[in-house]
Amino acid sequence: IVHDGAPIVVSAPGLGLGSLAAESIDDRVVVTERSMANHHLAVQWDLDGSIVSIIDVVRGREVLPTGRAISVDLAPDHPVEYDAWDVESWTIEQSQPVGGVTSVSLVHDSPLLARLEVSRAFGGSTMTTTYVLRAGSARLDIEFDIDWNEREQLLSLMVPIDVRASEAVCGIQFGNVRRPTHPSSPW
């Protein structure tokens, strides 16, 4: 909410009842033709709507490796044994970024929220990817709306993060698991 020219965040308890209380926020989302930024992240995209740069403003560090972009890749899905469960090592090697961009547009631009929408058509399918940056948030949300009409194809979100850690803690049902961030064996 913007009140008297200043952004205000309204807090409410989750899954409960309570009165709304306005809280002022000292962060804003600033949008240009091909970028959006707040006090935590600065995000840039190219003409095809691919995210090509994410800068951690607080640490002054580029999050994506140089020359790499976030992409959605399509690969043939022909596992050796169990269809829909096995992802073979060669599958990722055969993947290609999904093209077919039909539109790139900034659908929301306010001091509290920016939404970049990228629409694609490929094969018999369509996909809309929405990148959302909120004021006060150190997170870039990615939303997908996919009308999937493909057979034996694997769709993957590729986020090439410049990681400087050997493990990542990943959330799973009822807890979390530690996984290596880099291949440690040929398997």
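Predicted model: local features only at pLDDT ≥ 70, side-chain atom pairs only at ≥ 80, totals over all residues.

**Entry 1: strand pairing.** I started with β5 (residues 35-37) and β6, which run antiparallel and are joined by three bridges. The two strands make a hairpin, and three residues sit between them. I looked up one partner here: A37 is bridged to A42 of β6.

On to the next neighbour. Strand β7 (residues 51-56) is antiparallel to β6 as well, with five bridges joining the two. Which residue of β7 stands opposite Q44? I found S53 there. This hairpin, β6 and β7, has five residues between its strands, and G49 takes a positive phi near 80 degrees.

**Entry 2: the faces of β6.** I wanted to know which side chains of β6 (residues 41-45) are covered. L41, V43 and W45 make up the covered face, whereas A42 and Q44 are on the uncovered one.

**Entry 3: the core.** Nonpolar side chains tend to be buried together in soluble globular proteins, and I went looking for that here. The largest nonpolar core comes to 19 residues. V29, M36, I51, I54, L116, Y131 and L140 have the most contacts inside it. Which strands supply at least two residues each to this core? I noted β6, β7, β12 (113-122) and β13 (125-134).

Leaving out residues up to four places away in sequence, I54 touches L41, A42, R61, E62, V63, L64, I70 and L140.

**Entry 4: salt bridges.** My count is six salt bridges. I went through several of them.

- R59 and D56 meet through their side chains at 3.0 Å, N to O. I checked cover on both: R59 is exposed, since its relative accessible area is 63%, while D56 counts as buried because its value is 15% and the limit for buried is under 20%.
- R115 and E143 form a salt bridge at 2.8 Å, N to O.
- E167 and R178 pair with their closest N and O atoms 3.6 Å apart. Distant parts of the chain are linked here as well: E167 is in strand β16 and R178 in strand β17, 11 residues apart. E167 is partly exposed at 43%, whereas R178, at 57%, is exposed.
- R134, R139 and D141 are linked in a network of salt bridges.

**Entry 5: positive phi.** Most residues other than glycine have a negative phi, so I looked for exceptions.

E152 is one: its phi is positive, about 50 degrees, and it is not a glycine. I placed E152 in the loop between β14 and β15. Buried or exposed, or in between? E152 counts as partly exposed, because its relative accessibility is 46%.

F174 is another non-glycine with a positive phi, near 70 degrees. F174 lies in the loop between β16 (167-172) and β17 (175-180). With 80% relative accessibility, F174 counts as exposed.

Entry 6: Last stop for today. F144, I146, W148, L157, V159, I161 and V163 make a nonpolar surface patch of about 540 Å². I looked up W148 in particular. W148 lies in the loop between β14 (140-147) and β15 (153-158), the loop that also holds E152. W148 is partly exposed, as its relative accessible area is 33%; patch residues need over 30%, so W148 passes that cut-off.

Key. Residues numbered from 1 in each chain as written. Heavy atoms only, no water. Patch = residues over 30% accessible without salt bridge, like charges linked within 9 Å, V, L, I, M, F, W, Y side chains within 5 Å. Areas by Shrake-Rupley, 256 points an atom, 1.4 Å probe, with all protein chains shown as cover. Salt bridge = Lys/Arg side-chain N within 4 Å of Asp/Glu carboxyl O. Helix = DSSP H or I, 4+ residues; strand = E, 2+ residues; numbered from the N terminus. Buried < 20%, exposed > 50% of the residue type's maximum accessible area, 1.4 Å probe, protein only. Pairing = 2+ DSSP bridges. Core = buried A, V, L, I, M, F, W, Y, C linked by side-chain atoms within 4.5 Å. Contact = heavy atoms within 4.5 Å.
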